[in-house]
Amino acid sequence: MQAVALEGRGDLAEWRDAARALAMAGVGPQEVDWRMAGAASLFDAAAPLPPATRPPPRVPRAFLDLAESVVCHADPGRFALLYRLLVRLQDDPALLSMPADADVVAAARLATSVRRDCHKMTAFVRFRETAGEGGRRRFLAWFEPDHHIVALKAPFFARRFADMDWMILTPRGSAAFEDGVLSVSRDPAAKPVLDDPTDALWLTYYAAIFNPARVKPGAMRAEMPKKYWKNLPEAALIPQLVAQAPARVAAMAAQAALPPPAHHARIQARRQASALAAPPAPESLAAVREAARNCTRCALHCTATQTVFGEGPDRAALMIVGEQPGDREDLAGRPFVGAAGAVLDRALATAGIDRAQAYLTNAVKHFKHEPRGKRRLHATPNAHEVAQCRWWLRQEIALVQPRVVVAMGATAVLALTGQASRLADIRGRLSPFDPGRALLVTTHPAHLLRLPDARRAAAQTARFEAELAQAQRAAQVLPA
Amino acid sequence: MPRSLRERLAILSDAAKYDASCASSGTTRRDSSGTGGLGSTEGSGICHAYAPDGRCISLLKILLTNFCIFDCAYCINRSSSNVERARFTPDEVVWLTMEFYRRNYIEGLFLSSGIVRSSDHTMEQLVRVARELRTTHGFRGYIHLKTIPDAAPALIEEAGLYADRLSINVEMPTDAGLATLAPEKQPAGIRRAMADMRIRIEDAKEPTLRTRTRKRFAPAGQSTQMIIGADASNDATVLATSARLYGGYGLKRVYYSAFSPIPDASAQLPPVKPPLLREHRLYQADWLYRFYGFSIAEVTAARPDGMLDLEMDPKLAWALANRGDFPVDVNRAARESLLRVPGLGVKTVDAILAARRHRRLRLDDLGRLRVSLRKVRPWIQAEGWTPLRLVDRSDLAALVAPPAQQLALL
């Protein structure tokens, strides 16, 4: 039997050196008595270590990470467990990827509890200001961790509290940060006297942020176990906050409604005055656009972000009408800014049309969609929604006075003509619309995006561009 | 007589506590070593304390002022309330944040405000605090700013430059509910602001073509809050709204806040006990939607009234209504099917997938993976284990549902 005495204060190197020598000497896991320095062993007459007969043990990186946590644990069995894993890893390098193995599970549990202790240390250390010398402010903290984690977590505090000097004292070691230099000791420290007037502000905050109407002390204790309370200044308030909560809630319920304070009436009066002062709507595109912002003619406004009104000059020879805004248009509040908008932009450029000179709008002004996973999928507006939204489209046409209206897709045709038609039957022909105004039907650019066959897509795109060019020529020659 | 800082801190944190958001995670990693400043964010958030209401205290959550020109019935700070009023100067908030942070009480600041004078004026004050913290004091902790809808775009841009997270509360699950209880708030305006933030957040993630550097805009994204139980909306309506918010605006979180009685409550709202269990079930359903591949319709289909079952968690309720999908073979089933087994979480499912590459799993293997065998046994098949058609038993709900609480004699 080999007896190995370690300080056991969370120093990985100490265990690693001993374990490496044992493994190279071929000592089996059952033949080692791991113990704390200073503790008595059953095997005081320990045998000297046999000579090294094997190469140094090899381990995956994941084992070193695991061991770094596990050696910090206070469990006396941690060294034997790690050595057993080390020896088993020599025959089975994939051991750690078997989460149901008993040794792997045991080590993972120790690592988890160290990780939790580390996390609680970052949460529950409380610095108190002490008298400092020189330019930097000085702070002191006392904390009682379950495991040997001070050296592990000290760099976290150094990264976070860089502009002050501080010291964290614990029964399992201490850390000090002075003028930007971190030093760590593994020796136990004594509890200092701590007093900081700012704690009073913190306690005020803690008491005020608590909602007495939802007392859940169990949920609190699950995350802030009682063992930490003695070093948390705010924890002293917990018993009285819990005890007073029912009376505070009862008082809220019993309180009769009071008349509103004087300033409320003044605010309300100002609001009413400004509502009355709103100017009457003139007959302009800007006024119609403003009115459409608050449209509730159909239910789509509840699920869409905003009304996406038409865009372009107040008077335009060419008006292009699409189906409805898509996801990007709905977010941005502008028509044709998404993927289909990019197709349209390219087609307009090819057809020699300046987008800024045309008036672009949609048959339906709100985005209709269905949730699919975490995305919003386009849904075709129904006849009722198209009919309700025609109210806005007719006003746009009446004010913009286009000579040619291009209907892109079946929904636009329905909105403009009131008739559901087969697109193929009426596409690409100029037909009379209102007096002095022609209608040209073409496809919707979103349709071009959905064509899987590249050759067909190219042909359809060319036809789309030709039809836009045809509309543009007609807009230039038709009498105003 | 002017109130002391401590008195105002009590008033303005009391006024802020009905906002449930507390997250301090998910932002860029940064620290203050070598910067001459203070603070760090390293991925996961830290909860520095817990109040007896079970909520974590991660951020200094306060209002700049609780004066407000809005009169939202559910709100403690509405203009018709007789609650005590106070205000901080931006410098006082900066001082409190820095001193609290130094003592490791907090991860950072969550600053909101009542609307005073105008949206722009209010937003400008909030931005000023964040700017001071970041530029004058080199503060590298977490900042969450409430965004005022309709504030000027330049102010929103600057807020996103300094803040880790921005949020606007939708408050009510439906537009009609908001119109009734918060007549001054514009649901469409709130949605427009969230859409605008999504575009800014996504644009900031794209490196610019020329410099390849990223613009900084709210790296921890945006979130919102809905009050539960202040209007008559059912859970299906609430969750459908959440799904629209997640899908439409890429929100990181929708917080559900059980409507809580407040001092000097509006006569419009009865001082009811907050529906805490309902709030909990909504969070569970929200998780199923975001991490377990459930659609909202599936989660809320079990009951005709569109409410989630308060007696059992929504995953168990779904499984009981869809027994034909079980048992699921833990040695063969796809990840999506395993995620639907009551009692298996995302972590355990991933552990099962890793473990079964090495050998066929038995029940005791699952036990070592910290799976509650009592919960999962009826729903799974494992090496040497087939549930005895347990899923066909008519009393299955009684076997797996949490036991009824014995009533105490008065």
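Trainee: At what angle do helix H1 and helix H3 of chain A pack?
Mentor: Keep in mind that this is a predicted model. Helix H1 (residues 12-24) and helix H3 (residues 78-91) of chain A pack at an angle of about 45°. Their axes are 11 Å apart.

Trainee: What do those two values do for me?
Mentor: The angle between the axes and the distance between the axes describe two packed helices.

Trainee: Are H1(A) and H3(A) roughly parallel, roughly perpendicular or oblique?
Mentor: The angle makes H1(A) and H3(A) oblique to each other. The crossing of H1(A) past H3(A) is right-handed.

Trainee: Which residues make the contact?
Mentor: H1(A) brings A:Trp15, A:Ala19, A:Leu22 and A:Ala23. H3(A) brings A:Phe79, A:Leu82, A:Tyr83, A:Leu86 and A:Val87.

Trainee: How many of the residues in the contact of H1(A) with H3(A) are nonpolar, polar or charged?
Mentor: There are 9 nonpolar residues, no polar ones and no charged ones.

Trainee: New topic. How is chain A divided into domains?
Mentor: Domain 1 of chain A is 2-119 and domain 2 is 125-185. Domain 3 covers 203-247, and domain 4 covers 285-477.

Trainee: How far apart are domain 2 and domain 4 of chain A?
Mentor: Their C-alpha centres lie 65 Å apart.

Trainee: And what about chain B, which domains does the assignment give there?
Mentor: Domain 1 of chain B is 5-220, and domain 2 of chain B is 322-400. The centres of these two, taken over C-alpha atoms, are separated by 43 Å.

Trainee: Back to chain A. In what order do strands E3 to E7 sit in their sheet?
Mentor: The order is E3-E4-E5-E6-E7, in an open sheet of 5 strands with mixed pairing.

Trainee: Which strands stand at the edges?
Mentor: Strand E3 (128-130) and strand E7 (181-185) of chain A do. Each has a single partner strand, so one side of each is left without a neighbour in the sheet. On average, neighbouring strands here are turned by 20° against each other, direction ignored.

Trainee: How do E6(A) and E7(A) run, parallel or antiparallel?
Mentor: Strand E6 (residues 173-178) of chain A and E7(A) run antiparallel, joined by 5 bridges. A:Ala176 stands opposite A:Ser183 in E7(A). A:Ser174 faces A:Ser185 in E7(A) as its opposite residue.

Trainee: Which strands does helix H5 of chain A lie across?
Mentor: H5 (residues 150-160) of chain A lies across strand E5 (165-170), E6 and E7 of chain A. H5(A) runs at about 25° to E6(A).

Trainee: What about the other sheet, with E9 and E13 of chain A? What is its strand order?
Mentor: That open sheet also has 5 strands, in the order E9-E8-E12-E14-E13 of chain A, with mixed pairing. Strand E9 (359-362) and strand E13 (430-432) of chain A are the edge strands, each pairing on one side only. Neighbouring strands in this sheet are turned by 25° against each other on average, direction ignored.

Trainee: How many bridges join E8 to E12 of chain A?
Mentor: There are 4 bridges between strand E8 (residues 318-322) and strand E12 (residues 404-408) of chain A, and the pair runs parallel. A:Val321 stands opposite A:Ala407 in E12(A).

Trainee: Which strands does H14(A) touch?
Mentor: H14(A) packs on the sheet and touches E8, E12 and strand E14 (438-442) of chain A. Its direction makes about 135° with that of E12(A). H13(A) lies across E8, E9 and E12 of chain A, at about 170° to E9(A).

Trainee: And how do H13 and H14 of chain A pack?
Mentor: Helix H13 (residues 383-400) and helix H14 (residues 410-417) of chain A pack at an angle of about 70°, with axes 9 Å apart. H13(A) and H14(A) are therefore roughly perpendicular to each other.

Trainee: Last one. How many residues of chain A are in contact with chain B?
Mentor: 68 residues of chain A are in contact with 67 residues of chain B. H6(A) gives the most to chain A's side, with 9 residues. By class, that side of chain A has 43 nonpolar, 12 polar and 13 charged residues.

Note on methods
Residues are numbered from 1 along each chain as its sequence is written. Chains are lettered from A and ligands numbered from 1 in the order in which they are written. This is a predicted model: local features need pLDDT of at least 70, side-chain atom pairs count only at pLDDT 80 or more; totals for chains, interfaces and linings use all residues. Axes are lines fitted to C-alpha atoms, for helices over the stretch in contact, and angles run from 0 to 180 degrees between N-to-C directions. Helices (H or I, at least four residues) and strands (E, at least two) are DSSP runs, numbered from the N terminus. Angles under 35 degrees count as roughly parallel, over 145 as roughly antiparallel, 65 to 115 as roughly perpendicular and the rest as oblique. Domain bounds come from an automatic or database domain assignment. Two strands pair if DSSP finds at least two bridges between them. Two residues are in contact if their C-beta atoms, placed from the backbone, lie within 7 Å. Ala, Val, Leu, Ile, Met, Phe, Trp, Tyr, Cys and Pro count as nonpolar, Asp, Glu, Lys and Arg as charged, and the others, Gly among them, as polar. A crossing is left-handed if the near helix is turned anticlockwise from the far one by less than a right angle, and right-handed if clockwise.
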